[in-house]
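Me: Please take a close look at the open sheet of this model and at the parts of the chain around it. I would like one connected account, with the criteria behind each term.

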Amino acid sequence: MTIARKGTGAFGRLVKELKRIPGIGTKSAERIAFHVVKLPDELAFALSDAIRHLKERVRPCAVCGNLSESNPCEICADEQRRGRALCVVEETNDLWAIESSGAFAGRYHVLGGALSPLDGVGPERLRIGELVQRIQEEAPEEIIVATNPTAEGEATAHYLACLLRPLGVRVTRIARGVPMGGDLEYADPVTMAKALQGRADV
Ligand SMILES: [Zn+2]
């Protein structure tokens, strides 16, 4: 009989996979794996089914990069959002944070990260070429840069302002209602709405 030991066999395999998730270290991974072992079979299989279902269905929208089960996503398919402002965010969870504020009725563009030369993330690694193409095709009335208020997010905002202004489009940056060094994902809806309302030309 094989005894389930930490770090070996089926248990170790799950721990190894869980540790790939950002923010999950060995201790947390082991705690989750112990929890899964103790779950009734149907709940454990529901978890693995949910992961498979998600991976089979959710894809980045070909237009904006938002994660969605439809392509184009519901936001891009919404005619009422057409031709208005385009809000540029780093990741889909930032888009969700702005959507839940209810303060924005235009479309989005998800960059897929922020410029970070030290980590080898240059403009070509982000969906910036696609953004320029969209501006030319969709002619939005304004580009709201809502990258995170971190060093990388600020550098990305500056880069975008310099790149996009010559295209003749108004470029604004959300106000600092969001704390410096913070992440849009964690901003409450009221703070997010205020940051959008207080945006300024850049
Ligand atoms: Zn979309």
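Reply: Two residues are in contact here if their C-beta atoms, placed from the backbone, lie within 7 Å. On that basis, residues 24 or more positions apart account for 54% of the contacts in the chain with a separation of 6 or more. The model is a predicted one, in which local features need pLDDT of at least 70 and side-chain atom pairs count only at pLDDT 80 or more, while totals for chains, interfaces and linings use all residues. Residues are numbered from 1 along each chain as its sequence is written.

The setting comes before the sheet. Helices (H or I, at least four residues) and strands (E, at least two) are DSSP runs numbered from the N terminus, and the chain has eight helices and seven strands. An automatic or database domain assignment supplies the domain bounds; the chain is divided into domain 1 (9-57) and domain 2 (61-201). The centres of these two domains, taken over C-alpha atoms, are separated by 33 Å. Along the principal axes, the C-alpha atoms of the chain fill a box of roughly 70 × 35 × 35 Å. A residue counts as buried if 20 or more other C-beta atoms lie within 10 Å of its own, as exposed if 12 or fewer do, and as partly exposed in between, with C-beta atoms placed from the backbone. Of the 202 residues of the chain, 27% are buried.

The open sheet has five strands in the order E4-E3-E5-E6-E7, with mixed pairing; two strands pair if DSSP finds at least two bridges between them. Strand E4 (107-110) and strand E7 (200-201) stand at the edges with a single partner strand each, so one side of each is left without a neighbour in the sheet. Strand E3 (residues 85-89) runs parallel to E4, and four bridges join them. Within this pair, Val88 has His109 of E4 as its bridge partner. Arg107 and His109 point one way from E4, whereas Tyr108 and Val110 point the other way, and all are buried. In a regular strand the side chains alternate between the two faces of the sheet. Strand E5 (residues 142-145) and strand E6 (residues 170-173) also pair in the parallel sense, over four bridges. There, Ile144 has Thr172 of E6 as its bridge partner.

The loop between helix H6 (128-138) and E5 contains Ala139. This residue has a positive phi of about 45° although it is not a glycine. Ala139 is exposed because 12 other C-beta atoms lie within 10 Å.

The axes of helix H5 (residues 92-101) and helix H8 (residues 189-197) come within 8 Å and cross at roughly 90°. Axes are lines fitted to C-alpha atoms, for helices over the stretch in contact, and angles run from 0 to 180 degrees between N-to-C directions. Angles of 65 to 115 degrees count as roughly perpendicular, those under 35 as roughly parallel, those over 145 as roughly antiparallel and the rest as oblique; H5 and H8 are therefore roughly perpendicular to each other. Ala97, Ile98, Ser100 and Ser101 of H5 make the contact with Pro189, Met192, Ala193 and Leu196 of H8. These residues divide into six nonpolar, two polar and no charged, where Ala, Val, Leu, Ile, Met, Phe, Trp, Tyr, Cys and Pro count as nonpolar, Asp, Glu, Lys and Arg as charged, and the others, Gly among them, as polar.
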